[in-house]
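Here are my notes on this entry. Please read them with the structure open.

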Amino acid sequence: MSPTEVAGGSPLLEVTGLSKAFGKTEVLHSIDLSLNKGSVTVLIGPSGSGKTTVLRSLNGLERPDAGIVTIRGGETLGADDEVRVDFAAPAKPRMRQLQAERLRDRSAMVFQHFNLFPHKTVLQNVVEGPIIVQRRARAEAEAEALALLDRVGLADKRDSYPFELSGGQQQRVGIVRALALKPQLLLFDEPTSSLDPELVGDVLGVLKGLADDGWTMVVVTHELVFARQVADEVLFMDGGVIVERGAPSELFANPQHERTKQFLHRLLFPL
Amino acid sequence: MINWELFWSALGPIALGGLIGTIPVALASFALGLVIALFVALARISGIRVLSALARFNISVIRGTPLLVQLFVIFYGLPSLGLLIDPWPSAVIAFSLNVGGYAAEVIRAAILSVPKGQWEAGFTLGMRRSTSLRRIILPQAARVSVPPLSNTFISLVKDTSLASLILVTELFREAQKVAAFSQDFMLIYIEAALVYWVICLGLSTAQNRLEKRLDRYVAH
């Protein structure tokens, strides 16, 4: 039994044949992916390999040319309450918009450059989605937001503006903003790549805590130590295809493909 | 010698002209003009070819023709088509279209200056474009556009003097009346200039305050 497979359950997320080209450049070539509830999937690979595009496609920020994305309901939403988008099927702009929205209903994204709203305080950033989009009561949304901020050690920053925070603090707010949406799926796009090295640990610590709590996560990262400790499955992408996948213990210790070996070697021995 | 008596007695009517003419015409035209500008700017960046072309055409005509001519077309020209508009509304129409043309480009640039990631952060929270625009993008664009829009407003206040030529009771028209009556043109026109200047100084102060307020969330 592979580490992402849970006996009896069908996967929470299933991606088949995801393909995309920008003009003549093929950035994704028939990507297949499947992951179970509570699992952590890490995408690694050189820049331009397509890993960020996969992630953005799952959140409807990018529209693939073909492929099917299925996100199943699970316990909270009922087993048949699933979102299924077939990108190859012709769709009018309105339909495309609707499809993107349905994907965003289920997932939340944490960005490399945080993308916090600079004109809103920390608390306002976090409750924006719950109150404005999900139409939840302010008191309830704020109480939950404060509990989440407290969890990442930022409760005392609730009234600060993003520019008053360090990069690591900003990214933790970014994570809390995503959590506040209560998504089924958390997507992280190189969450530590724009941080000073000494701040990376804080953010990775938060990610590890979320994994321990059972959040389902897809993480694009270059942090191999994180991948080794936290991932259930690691996918190595290059040139728009998944070259190799497996449990981190196997993939890192015993990579099968030449390209994987070279990539890992370059990361471990940059000189 | 300066005729101080004339100066003080003329200040009343000139200031009153500013109060009931210049300032309300400027405020109404600016408010209306900003609404026009916002829609023109959105049309420009809509990606819909017809809308964007119409918006570009509008901006080109407004910026490419003199304000005085626009004013005359509306007030003296339209009546020949059977469209008779009073001086005050004629002035507000001409000035707000003018502001609409100039401010549209300012607002468009301000919207485009907000990083794409801000739109995406809104989308990932589940917002539609319109919600992202209203709650995320425009507040940030507003900060960027305050200085150039203040310039537009200050220019507008001064341009309202053109309305004297279509018989609007405003600051300069009142000054002209006093000047004609007293024959002391130098004094009265300098006085009119001073009153404009005071109004614009007040606006500059307001602009500084507004900029400070909107700057509270950026690093210095």
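The points below cover the sheet, its helices, the chain contact and the cores.

1. This is a predicted model. Please keep that in mind throughout.

2. Start with the sheet in chain A. Four strands make an open, antiparallel sheet, ordered E2-E1-E4-E5. From one strand to the next, the twist averages 10 degrees.

3. Look at the pairing of strand E1 (residues 13-22) of chain A with E2(A). The two run antiparallel and are joined by seven bridges. Leu18(A) has Ile31(A) in E2(A) as its bridge partner.

4. Two helices deserve a look here. Helix H1 (residues 51-58) of chain A lies across E1, E2 and strand E4 (66-71) of chain A, at about 60 degrees to E2(A). H3(A) also packs on the sheet and touches E4 and E5 of chain A. The direction of H3(A) makes about 140 degrees with that of E5(A).

5. Next, the contact between the chains. Chain A gives 20 residues and chain B gives 17 residues. On the chain A side, helix H3 (93-106), strand E6 (107-110) and helix H4 (122-133) each supply at least two residues. H4(A) has the largest share, four residues. The chain A side divides into 11 nonpolar, five polar and four charged residues.

6. The largest nonpolar core has 114 residues. Those with the most contacts inside it include Val126(A), Leu207(A), Ala91(B) and Ile107(B). Helix H4 (residues 87-113) of chain B contributes the largest share, 12 residues. Another core, of 10 residues, lies apart from it; Ile14(B) and Leu171(B) are among its members.

Methods: Residues numbered from 1 in each chain as written. Chains lettered and ligands numbered in written order. Predicted model: local features only at pLDDT ≥ 70, side-chain atom pairs only at ≥ 80, totals over all residues. Core = buried A, V, L, I, M, F, W, Y, C linked by C-beta atoms within 7 Å. Buried ≥ 20, exposed ≤ 12 C-beta atoms within 10 Å, placed from the backbone. Contact = placed C-beta atoms within 7 Å. Nonpolar A, V, L, I, M, F, W, Y, C, P; charged D, E, K, R; others polar. Pairing = 2+ DSSP bridges. Axes fitted to C-alpha atoms, helices over the stretch in contact; angles between N-to-C directions.
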